[in-house]
Amino acid sequence: MSALSGLKKTRSLDGGTGAVYNPIISTGWSVDKYHATEGAGHPGSGTVGERGIAVARRENPLKGEREKQIKQAALRLFSRRGFHHTTIADIAEEAGLGKGTIYWYWRSKEELAFALVEDMLDAFLALIREEQGREGPFHEKMRRLVDAAADLYAQEKEHCRLLWKFRADRHYIFNQEYVRAVTSYYQEMRTHLSAMVRRALEDGEIAGIDPDRAALIILGITEGLELEWLENEDFDLRESLHVVLENLFEGLRPGDRRGSG
């Protein structure tokens with residue numbers, strides 16, 4: 001069962017997301033760790049979803065459970081068969097629902113697929129935001145971020161796999177509206193990581209690197225190791241992320257601090 005399949009997010013006109021990580025809520029990666037207000041975009045209501053996408057949602061007493069049920073079914077089928085070999089009728093059958101029920105929540109298979117991609121991107125973005133907002137040494141923030149990301153990836157491996165498939169085929173699967181929305185997530189991730197690096201530079205913890213370039217390097221390393229982990233069951237993602245990133249930033253410590261801690 002995917003822990004992200006019932007994730008709710010605040011909708012906004014400026015492209016921001018209201019998903020907030022709540023470290024108080026109990027075990028594992030529960031969708032209840034993300035708090036948001038109701039009011040998803042609806043094409044008939046004149047509202048627009050986050051990142052400029054109008055998302056069809058109608059009021060339903062079972063809305064949360066039904067959305068979760070449908071997303072879990074779609075995730076299983078997209079992972080097994082691929083996007084193009086899965087139909088809305090297939091998803092409805094897998095979920096044990098009528099075909100019309102799917103359209104109560106999503107206008108199309110494309111919109112449903114994007115919802116799955118968005119859940120994973122929102123979760124990872126929330127982790128980065130949380131660490132950026134914390135006080136403390138940069139190296140500790142990065143260690144916590146690596147551990148949190150490794151936990152998320154381990155619990156949501158099928159989501160990770162699906163996200164990579166969709167990213168590789170994004171221009172074939174999604175129209176430009178959705179492609180721009182996915183791109184905006186990565187831009188926001190880079191913005192927050194860059195801000196973390198800039199703060200570390202200002203505090204004298206590291207030196208000699210452009211913050212924007214550092215953000216690209218961090219994401220590139222993370223994604224490269226994530227892909228290896230998806231292809232190799234024996235690969236230790238957590239340990240590898242720690243080793244590579246810690247060595248990277250150890251090499252960026254100012255000369256008088258290098259090797260001193």
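Trainee: Let's start with Trp106: why does Trp106 count as buried or exposed?
Mentor: First, this is a predicted model, where local features need pLDDT of at least 70, side-chain atom pairs count only at pLDDT 80 or more, and totals for chains, interfaces and linings use all residues. Residues are numbered from 1 along each chain as its sequence is written, and side-chain values use heavy atoms, with hydrogens and water left out. Now, buried means under 20% relative accessible area, exposed over 50%, and partly exposed in between, with a 1.4 Å probe and protein chains only. Trp106 comes out at 0%, so Trp106 counts as buried. Tyr105 has 1%, so Tyr105 is buried too.

Trainee: What makes Tyr105 and Trp106 a tilted pair?
Mentor: Rings of Phe, Tyr and Trp (its six-membered ring) pair if their centres lie within 6.5 Å; planes under 30 degrees apart count as stacked, over 60 as edge-to-face and the rest as tilted. By this rule the count comes to eight aromatic pairs. For Tyr105 and Trp106 the centres are 6.0 Å apart and the planes sit at 45°, so the pair is tilted.

Trainee: And what kind of pair do Phe114 and Tyr178 make?
Mentor: Tilted again, because their centres are 4.9 Å apart and their planes are at 55°. This pair links distant parts of the chain: Phe114 is in helix α4 (residues 109-133) and Tyr178 in helix α8 (residues 176-202), 64 residues apart. Helices here are DSSP runs (H or I, at least four residues), numbered from the N terminus. Phe114 has 5% relative accessibility, so Phe114 counts as buried; Tyr178 has 3%, so Tyr178 is buried as well.

Trainee: How do you know that the charged end of Lys157 sits over the ring of Trp229?
Mentor: The rule wants NZ of Lys or CZ of Arg within 6 Å of the ring centre and within 35 degrees of the ring normal. The charged end of Lys157 is 4.6 Å from the centre of the Trp229 ring and sits over that ring. Arg167 sits over the ring of Trp164 in this sense too, at 5.3 Å from its centre.

Trainee: What makes Asp90 and Arg81 a salt bridge?
Mentor: A salt bridge is a side-chain nitrogen of Lys or Arg within 4 Å of a carboxyl oxygen of Asp or Glu. The closest N and O atoms of Asp90 and Arg81 are 3.0 Å apart, and they form a salt bridge. The structure holds 19 salt bridges.

Trainee: Which residue does Arg238 form a salt bridge with?
Mentor: Asp147, with the closest N and O atoms 3.2 Å apart. That pair joins distant parts of the chain: Arg238 lies in helix α10 and Asp147 in helix α5, 91 residues apart.

Trainee: Last one: what makes the side chains of Arg253 and Glu250 a polar contact?
Mentor: A polar contact is a pair of N or O atoms within 3.5 Å; within protein, one must be able to donate a hydrogen and the other to accept it, and residues adjacent in sequence count only if both atoms are side-chain atoms. The side chains of Arg253 and Glu250 make theirs at 2.7 Å. Arg253 has 13% relative accessibility, so Arg253 counts as buried.

Notes:
Helix = DSSP H or I, 4+ residues; strand = E, 2+ residues; numbered from the N terminus.
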